[in-house]
Every structure is written in C-alpha cells, then in structure tokens.
Amino acid sequence: MSIRELIVLGTASQVPTRARNHNGYLLRWDAEGLLFDPGDGAQRQMLMAGAAASDITRICVTHFHGDHCLGLPGIVQRLSLDKVTRPVFAHYPASGQHFFERLRHASSFYDVTDIRQEPVTAEGVIAEGPFGVVEARRLDHSLDTFGYRLVEPDGRRILPDRLTEHGIAGPMVRELQEKGVLGGVTLEQVSEPRPGQRFGFVMDTRLCDGVYALAENADMLVIESTYLHEDERHAVDHGHLTARQAATVAAESGVRKLVLTHFSQRYPDSSRFHAEAAEVFDGEIVVARDLERIPVPRRA
Ligand SMILES: [Zn+2]
C-alpha cells in the first residue's frame, strides 16, 4: 500500500505560539515527498513528526513571508548533512529569486545536495511525474504568491479475480496493460476505472479565481483560515481568508476533506474554526494541529 498523507509541521501564521509552530507541511504521496512552506523550525518539527529530510523530493513555497520560508536554510543544510544527493526540486515565485538564493546559501555548510531551482513565472503545469502533474495558480496577497495543486490522471485498477477468470498471470499482466488487449482479452474486461486524486494547497490570499481553481474537486484541500468571520475586515485588509470563506470555497468546489490551518495567534481556541466551517461545509473538516498526520481520503 502506498502512503498518501499530510504531515502537519506547524499551524501558526506570522508568529509561532506555545502551541503552534510556524506553518509547514509534508505531503507524502507514494514515492514523492512534497514539502510546502517550511516556516521557522521546520527541521525540528520534521524530527518530532517522525519524518526525515530524505523523504523530501520537492519543495513548494507559496511566497516569501517568513512564516512560509524561514525553515528553508535548516532543511537545505539537513539534506546535505543526510547526504541526499538525488535532485530535490524547488518551486517558488520567480520574483522572489533573491530571497530564495539567500535562504539556500544562508550560512556555511558542506553542500552536496542537488537543489534544482525551478522558479514559477506563470500559472500552469510546473512539474510532471509518475504522480501526475503539479500546477501553480496565482493568489492575491500583499506580494507575489502562488498556490499549488497535485492532479493525478484517471487510470484503471486491475481486478485479480478477473485476471484469474481469463487465465492471465505473471508477465502477461504487464503486457496486457501496455497493449490494452491480449489474446482477445481487453484491459477493460479485467479492470475498473480508478479516478485520479487531487490535492490542493492554498495559502495566504484573499478570495480570488486561483483559490477556486486550486480547490476544484480536491480530495484534500489544505487552505489557510487565518481569521474567523467576526474579523473578516482584517482578512480583507491583510490578504487572508476566514474559516467561513475557506469552507464556502470547499462547499462550492466539490472538496471532500477540508484541512484548515495558518491560524492567527489571536485565537488560542481552534475549535471555533471547526464550528464556523461546519456551518457552510458538510464534508469532513480537520482543524490542523501541529505534528498531526492526516490521511488523504480513500477514493470514493
Ligand atoms: Zn503566512
């Protein structure tokens, strides 16, 4: 069984609190480990969560405010210390290239990791692989910000009993998968449709088209809800979302599992985010907690 889960490294916006680290997320998706927005302390949070630097294959930074990138120096240097020599791809807004360079080379260390810098200059597909594609969409914050989503293509699931029924075994299975038909037996006869999964990641932003594009039919949507509705004025002024807005997007976009995070320090009680979101979204809601592992829901 391949693992698809979100490991929450932190849930605080702007400043850490006693209960919340600066935000940060590791998405484990089969052989991929996508590290999103590593804030300050991400290296130690990974240790606490039971994740290793060597799990990281890709780093995606939405924007260059400290709570989304100050963990990069520690992560980059830890990759080298742990002798990760395969490429690690880094995606971030191209306008923040100078910030990335500083964080990448923040202090002296024995540098062996092949960090492939892939700055995002426009919306669209930024990476392709066995996982499908990673896409970027523009968000609306006080500086250049991109959100990301992972889209797995639809496929087919092989049914072992049907294979037996048709006398197909061993290397014949792969041959059938490649050719689509073998000895009069079609792939359709021995398999069923397997819908691709989607993961959306929306950080600091006002409501905008990009938010909806990233949320569309997501099996899991990780989205900032810095504020509660009672402080919506602050959310609009500072380029953020409320829990109600985030949940409304989820409800209108066919999201299955909604993960709220990036909370303002003004709300020590996280349960209020759940209550507010549940007023408008009837799917599964998770108010993220530091070091929590949240499974991507199984296919419907
Ligand atoms: Zn932030």
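Analyst: Strands (E, at least two residues) and helices (H or I, at least four) are DSSP runs numbered from the N terminus, and two strands pair if DSSP finds at least two bridges between them. This is a predicted model, in which local features need pLDDT of at least 70 and side-chain atom pairs 80 or more, while totals for chains, interfaces and linings use all residues. Residues count from 1 along each chain as its sequence is written, and side-chain values use heavy atoms, without hydrogens or water.

User: In what order do the seven strands form the open sheet?

Analyst: The order is β6-β5-β4-β3-β2-β1-β18, with mixed pairing. β6 (115-117) and β18 (293-295) are the edge strands, each pairing on one side only.

User: How many bridges join β3 to β4?

Analyst: Three bridges link β3 (residues 32-36) with β4 (residues 58-60), and the two strands run parallel. L34 stands opposite R58 in β4.

User: How are α1 and α2 placed?

Analyst: Two packed helices are described by the angle and the distance between their axes. Axes are lines fitted to C-alpha atoms, for helices over the stretch in contact, with angles from 0 to 180 degrees between N-to-C directions. The axes of α1 and α2 (residues 72-81) come within 7 Å and cross at roughly 60°.

User: Which residues of α1 meet α2?

Analyst: A42, Q43 and M46 of α1 meet G74, I75 and R78 of α2 (contact means heavy atoms within 4.5 Å). Helix α1 (residues 42-49) also lies across β1 (4-10), β2 (24-29) and β18, running at about 130° to β1.
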